[in-house]
Amino acid sequence: MLETLHNLAIGFSVALSPPVLLYAFVGCVIGTLVGVLPGVGPLAGISLLLPATFGMDATRAIVMLAGIYYGAMYGGSTTSILMRIPGEAASVMTCIDGYAMARKGRAGAALAIAAVGSYVAGSASVIGLMLLAPPLAAFALRFGPPEYFALLLFGLLVLAYMSSGSMLKSLAMAALGLLLGMVGIDQMSGYFRFAYGVVELGDGLGVVPVAVGLFGVAEILATAGQPVPPKVIEPRLRELLPSRTEWRQSVGPIGRGTVLGFLVGIIPGSAHIISSFVSYALERKLSKHPEQFGHGAVAGVAGPESANNSATSGAFVPMLALGVPSGPIPAVMLAAMMVHGVSPGPLLIRQQPELFWGFIASMYVGNLVLLILNLPLVGIFVNLLRVPYPYLYPAILAFSILGVYAVNGSVVDVWIMLGMGVLGYVLRKLDFETAPIVLGVVLAPMIELALRQSLAMSDGHYAIFFQRPIAATLLVVAAGMMLLSLRTFIRRGLDWRARMALAEKGES
Amino acid sequence: MLTVDRVAGASLALVALFVLWESRTLPLGSLANPGPAYMPVLLAVLLLVGGIAIAALGGPTPPLTSLAFPEWRHALAIFLACAFAALALERLGYRLTVLLVLLFLLGVVERKRPVATVVFAVAFATGTYLLFDTLLRVPLPRGPFGM
Amino acid sequence: MTVARVVFLLVLVLMAATPFAAAQESFPSRPITIVAPFPPGGVADLTARPVAAAMEKLLKSPVGVVNKTGAAGAVGMQSVAVARPDGYTLLLALSSISIIPEADKIFGRPPAFTVDQFAPIALISADPTVLVVPADKPWKTAKDFIDDARSRPGQISFSSSGVYGTLHMAMELLSHAAGIKLRHVPHAGAGPALTAILGGHVDALASGPAVVLPHIKSGKLRALAGWGDKRVAALPDVPTFRELGYPDAEFYIWAGLFAPKATPEPVLAKLRATVREAVNDPEFKGAMDKLETPITFKQGEEFQRFFETDARRLAEGVRKVGRVDTK
């Protein structure tokens, strides 16, 4: 323990020197700028700018990359809150309540809460990373396909708490999303499914074009032509910061989101995406005012944003402790570190403690610099809302096209975004919610692969799910929760019919 | 009578039937060894049931005719602008495409003053290109003459 | 009405602009794009970026990398196959370039591209895969492994980067050479495949040496044999399958630079000369060194021969695997 502190002190003494801080700052600025493009998140940001760091000394390069990483993570929340464009799948939940807050004139508060939530989550999970990395990593590796399948079932349970409308409609939308997620090459057999000769559909519908289309583009299609354009919000200085009540409302969600995200994040794979969905569901379940969700609930921003951020930090646990590229973002970070001669893994902490602790310290510093950079920027970002909508929406559209195109350099993605925009527009008119579709698209390929991998491992015996302790426990808990939510389902179903009866009488 | 939910439910059921029809060429596999068509068929059946249920319970919802699309002109124009952008992006390059899209949306759809339109469109197209492509090295397509 | 007219005009402009190609001046007069058909952080991406950086210095003109991912690399490869053959769009391909058209054939699809749509520029690296098993498994040698696999066909499992992916093909070539049958658990990429074996969820993995080396050193994994024609430098005690009497089990994960077929010869010559110099760039060497990927540089005749032999072997491998739905 004492040794840890000593090492950390060395790490900080490196990371806090003025030139290194400057690199952290530059990294954060670049990351925020790149992250504002929908879809261009930490993944693309780091790899685009990696060659620029080739000539640098390892510490500076890694500090700068950590800055880019945190900046790009945060950039996505900005667009979600201000323009309803999810920068990545994990920001979808932020789009719902963050944008609702912005429309109510609380954009500054939402941005500040997102920034502070991300900072708290990022810092806390770095501490978790530092103290618990080796034992946690060993545990995380025990998550094979059967455990993963059981975990993802939780993702589906989230549906019960996700929407404020009819449960039946949510389920249908989730089924539609899951079906959309089936497009592309079947990873187990190599068959092309529903691709109609379009090679670009081989990897399926990207989550980013789907989310940007269903949320961002659909919003523009529906709003731009309204006879009375959305009123220009003129933020006053006093309103930039969250009020005391808003702070109080966000403390619990930030704490819970951090822990939840970290735990989901350490599991290898892409499960970290579901952390923000699960956090949203959790907050709504715990909230005394679940009816506020979807209409600008503070907890609906604070929880998912924190969960999202700590999940990606949690994903560094297996990478640092074991050298396993446990997900797309750690894989890029791992590669970036290896290019600079740092190879994470069990030997790193023992053989090159100064590098390991330097990395930990630089993550911490990157996170802090980001907060310092972003709180003042909230004031500037919020002023974007002063731009009259007829100027704002063409710019948002151009941004969406640019971002969605840049992720893969694929025009097909732009078409997908446009198609999903039209779908989202129509569904909105028909009173369907679109968030379950995004969840479905995210979950479908992962659930299917995990199920079929498990069966390949066991030669077709479903017993594999009950012979493994983690999987069995998760399944039992999931089944219990499913029964509980069934109760809400029936109750809400009645509500819905009662509402319709009222509508029939012409009372609503 | 055609109500909103009846039509929506029926459309979802149709989508499900379409998926079932399209899955016929893929091997279904078995419960122990699910093939590529297994999950899609399972999900399509789920969607079919959901769609039928929505339609069946959808009697009391407002009639389809109550749906209003007052903004259809705008929506169509925006859709066409985006479709043009998708077609043009790799042929005309980023700058020209975005310039044309912005000129169209601001000048024609929103009827802003020509000067403001041109200034905004040119500044946005070249500014974002400079920032993202030149400075941040996000590769964006170029058109003829290196534009 | 005005809306319709403007749309019509825009379409006209669009169509008129398409055939214009920039006139061919001294090459390169504008930025070159290298397409890496796999996501950031993978072998293709990690080779492409240092190459691009080194070429940029030599050509004094920007060289960018685009990750055009999808369909196990087919998307990016196809995009270069049909790109304008002017030398401004290049491809950094891995071994899978020879596998994809064959897999398309098996499913009776029109192939996304064929290998003869590309003009090779240079081979940059070629790493033989090695067979690793978790250290707590009883197999001490490749012979133990193969004998055990023969006595219980279909019981020993292996993970791969995906069906018909490079890591799958390596294992299939071995299965055929040794006459054994293994249980395949495909994963979504090489990273997850490695995680699966470290977690003990599968029994074996064919992997590039660089990524498993730290785990062999730390005692988590054991290397049994390699697929190369000679032993891996970092693992001098690990024999090759050729030495063990399975000469058909030869497989490399290689990375090479290609241009579209019809690229003019002078442009190709310039590119080849540039890459030849780029691989000697100290920054490039340093980056590849740190990634523990030895540079295996081959050009012209030599690369062509390597490429063709490799393609033939893989095509045969894919045909032997056939469709996987018939178990």
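**Asking for reasons: burial, contacts and strands**

Colleague: Where is Ala307(A)?

Modeller: Ala307(A) belongs to helix α13 of chain A, residues 299–314. "Helix" here is a DSSP run of H or I with at least four residues, a strand is a run of E with at least two, and both are numbered from the N terminus. This is a predicted model, where local features need pLDDT of at least 70 and side-chain atom pairs count only at pLDDT 80 or more, while totals for chains, interfaces and linings use all residues. Residues are numbered from 1 along each chain as its sequence is written, and chains are lettered from A and ligands numbered from 1 in the order in which they are written.

Colleague: Why is Ala307(A) called buried?

Modeller: Count the C-beta atoms, placed from the backbone: 20 or more others within 10 Å means buried, 12 or fewer exposed, and anything in between partly exposed. Ala307(A) has 37 others within 10 Å, so it's buried.

Colleague: And which residues does Ala307(A) touch?

Modeller: Leaving out anything up to four places away in sequence, Ala307(A) touches Gly257(A), Leu260(A), Gly261(A), Ser275(A), Ser276(A) and Ser279(A). A contact needs C-beta atoms, placed from the backbone, within 7 Å.

Colleague: What makes Asp459(A) partly exposed?

Modeller: Asp459(A) has 14 C-beta neighbours inside 10 Å, so it falls into the in-between class. Its place is the loop between α20 and α21 (464–467) of chain A, and its phi is positive, near 60°.

Colleague: What does chain A bring to its contact with chain B?

Modeller: Chain A gives 57 residues and chain B gives 54. On the chain A side, α18(A) has the largest share, 10 residues. By class that side has 44 nonpolar, five polar and eight charged residues. Nonpolar covers Ala, Val, Leu, Ile, Met, Phe, Trp, Tyr, Cys and Pro, charged covers Asp, Glu, Lys and Arg, and the others, Gly among them, are polar.

Colleague: What makes β5 and β8 of chain C a pair?

Modeller: Two strands pair if DSSP finds at least two bridges between them. β5 (residues 130–134) and β8(C) have three and run antiparallel, so they qualify. One bridge partner of Val130(C) in β8(C) is Ser207(C). Two bridges also join β6 (residues 157–160) to β8(C), in parallel, where Ser159(C) stands opposite Leu205(C).

Colleague: Why are β2 and β11 of chain C said to stand at the edges?

Modeller: The open sheet runs β2-β1-β3-β10-β4-β11 in chain C, with mixed pairing. β2 (63–67) and β11 (295–299) each have a single partner strand, so one side of each has no neighbour in the sheet.

Key
Two residues are in contact if their C-beta atoms, placed from the backbone, lie within 7 Å.
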